[in-house]
Amino acid sequence: MKRRILLSSAAAFGIALAGMASASDLPPLEQKDSYTVGFAQMESNNPWRIAETKSFHDTAESCGWNLIATDAAGSAAKQVADVDSMIAQGIDVLFLPPREEKPLLPAVMKARAAGIPTFLVDRSVDESVAKPGEHFVSFLGSDFIDQGERAADWLAANFKGEKGVIVELEGTTGSSPANDRKKGFDDRIAQDDRFEIVASQTGDFARDLGRQVMETLLQAHPDVNVVYAHNDEMAIGAIQALELAGRKPGEDILVVSIDGTRDALQAIIDGKMGVTVESSPFFGPLACEVMKRYAAGEEIEPWVQVKDRIFTADNAADHIDEAY
Ligand code: GZL
């Protein structure tokens with residue numbers, strides 16, 4: 001979970017400097033024309049994952065990468081084994097989207113012990129154990145707490161009823177986006193006494209499991225009138241379940257989500273989804289830029305934060321052509 005601590009500016013400046021990744025703390029990366037780069041993807045079971053992997057392949061040639069990309073098919077243990085294999089193959093640098101915060105800690109520690117600089121992309125690990133600037137160079141990714149808060153803010157501003165009965169579809173258990181999107185949304189919505197979260201269950205960021213979980217929760221909570229999904233794939237699955245049950249998503253139930261996939265933007269245009277907070281998968285160019293800054297000896301901030309837009313009925317049609 002990424003912690004945001006509100007400090008005085010001087011203290012924050014001091015901590016920021018202390019946390020900045022300097023070459024002495026971390027494995028170095030020499031400047032050269034080409035690098036053997038490891039990208040250990042966790043799975044390829046949704047458009048977001050496929051878009052992220054494509055972004056790394058599309059960046060490889062322009063960034064001088066001899067890219068070794070693996071796919072752990074949804075297994076944290078296999079993702080760790082894939083990193084082991086990359087270390088044995090002698091990669092220069094590792095880009096890792098850790099599927100879950102704790103099970104991927106060994107991969108981070110082994111890469112560091114092998115003298116390989118690691119950049120965490122799109123998800124982080126348990127940073128109370130492995131720290132940016134010490135065990136890995138930096139986390140490149142969104143503020144998931146902020147994404148949850150923005151989803152809650154949109155709901156509070158657009159809910160028209162007296163009482164909001166919320167079902168929450170959580171992402172992969174133990175993953176940083178699931179942990180933080182839950183924290184951001186739940187803490188923010190708790191401030192508005194119109195709302196109650198009556199059920200919260202993982203759909204593992206997957207469309208079909210999201211549909212199945214929504215079917216089950218709909219039986220238990222027929223009065224539900226809000227669905228908050230930690231990603232669009234589960235939201236689309238929930239919409240399928242709701243329509244099969246004769247509900248009218250966008251009319252008698254609000255659907256609130258995160259990512260910004262093409263199917264989600266289409267659902268917004270069709271009036272079935274209210275909002276999706278962007279969580280961009282296009283990490284390739286940013287990974288190249290930050291890696292080169294590090295190789296040039298620059299101090300890298302512990303969190304290279306990706307800024308996210310928000311898509312609603314006001315702008316979904318303007319952005320669907322660029323969506324994945
Ligand atoms: C977010 C990423 C999440 C997406 C999901 O950075 O980790 O994983 O929001 C994806 O769609 O499965």
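This is a predicted model: local features need pLDDT of at least 70, side-chain atom pairs count only at pLDDT 80 or more; totals for chains, interfaces and linings use all residues.

Colleague: Where is the place of Glu 196?

Modeller: Glu 196 is in strand β7.

Colleague: And what does Glu 196 touch, not counting residues up to four places away in sequence?

Modeller: With those neighbours set aside, Glu 196 touches Lys 163, Gly 164, Val 165 and Ile 166.

Colleague: How far apart in space are Glu 196 and Glu 301?

Modeller: They are 38 Å apart, C-alpha to C-alpha. In sequence, 105 residues separate Glu 196 and Glu 301.

Colleague: OK, now Gly 161. Where is Gly 161 found?

Modeller: In the loop between α5 (144-158) and β6 (164-170). Gly 161 is partly exposed, with a relative accessible area of 34%.

Colleague: Let's change topic. How many helices and strands does the chain have?

Modeller: There are 11 helices and 12 strands. The radius of gyration is 20 Å, close to the 20 Å from the globule rule for 324 residues, so the chain is as compact as a globular protein of that length.

Colleague: What box do the C-alpha atoms fill?

Modeller: Roughly 60 × 40 × 35 Å, taken along the principal axes.

Colleague: What percentage of the residues count as buried?

Modeller: 57% of the 324 residues. The accessible surface comes to about 13,200 Å², and 53% of that belongs to carbon and sulfur atoms.

Colleague: And contacts along the chain: what share join residues at least 24 apart?

Modeller: 75%, among contacts between residues at least 6 apart in sequence.

Colleague: Charges next. How many positive and negative side chains are there?

Modeller: The chain has 31 positive and 52 negative side chains. The centres of the two sets lie 2 Å apart.

Colleague: I care about cysteines. Which residues form a disulfide?

Modeller: Cys 63 and Cys 288, with their sulfur atoms 1.9 Å apart. The count for the chain is one disulfide. The pair links distant parts of the chain, 225 residues apart. Cys 63 sits in helix α2 (residues 47-63), and Cys 288 in helix α10 (residues 284-295).

Colleague: Right-handed or left-handed?

Modeller: The S-S torsion of Cys 63 and Cys 288 is about 90 degrees, so the disulfide is right-handed.

Colleague: Is Cys 63 buried or exposed?

Modeller: Cys 63 counts as buried, at 1% relative accessibility. Cys 288 also counts as buried, at 12%.

Colleague: What is Glu 43 in contact with, leaving aside neighbours within four places in sequence?

Modeller: Its contacts include Arg 49, Arg 99 and Arg 123. Glu 43 is also in contact with Asp 71, Ala 72, Ala 73 and Gly 74. Thr 216 is 173 residues from Glu 43 in sequence and 26 Å from it in space, C-alpha to C-alpha.

Colleague: Last one: Ala 111. Where is Ala 111 found?

Modeller: In helix α4 (residues 105-113). Ala 111 counts as buried, at 0% relative accessibility. Not counting residues up to four places away in sequence, Ala 111 touches Ile 87, Leu 94, Ile 116 and Thr 118. The C-alpha atoms of Ala 111 and Phe 136 are separated by 8.7 Å, and the two residues are 25 apart along the chain.

Methods:
Residues are numbered from 1 along each chain as its sequence is written. Side-chain values use heavy atoms; hydrogens and water are left out. Helices (H or I, at least four residues) and strands (E, at least two) are DSSP runs, numbered from the N terminus. The radius of gyration is taken over C-alpha atoms; the globule rule is 2.2 Å times the number of residues to the power 0.38. Buried means under 20% relative accessible area, exposed over 50%, partly exposed in between (1.4 Å probe, protein chains only). Contact means heavy atoms within 4.5 Å. Accessible areas come from the Shrake-Rupley method with a 1.4 Å probe; for residues, only the protein chains shown count as cover. Lys and Arg count as positive and Asp and Glu as negative; His and the chain ends are not counted. The place of a charge is taken as NZ of Lys, CZ of Arg, CG of Asp or CD of Glu. A disulfide is a pair of cysteine sulfur atoms within 2.5 Å.
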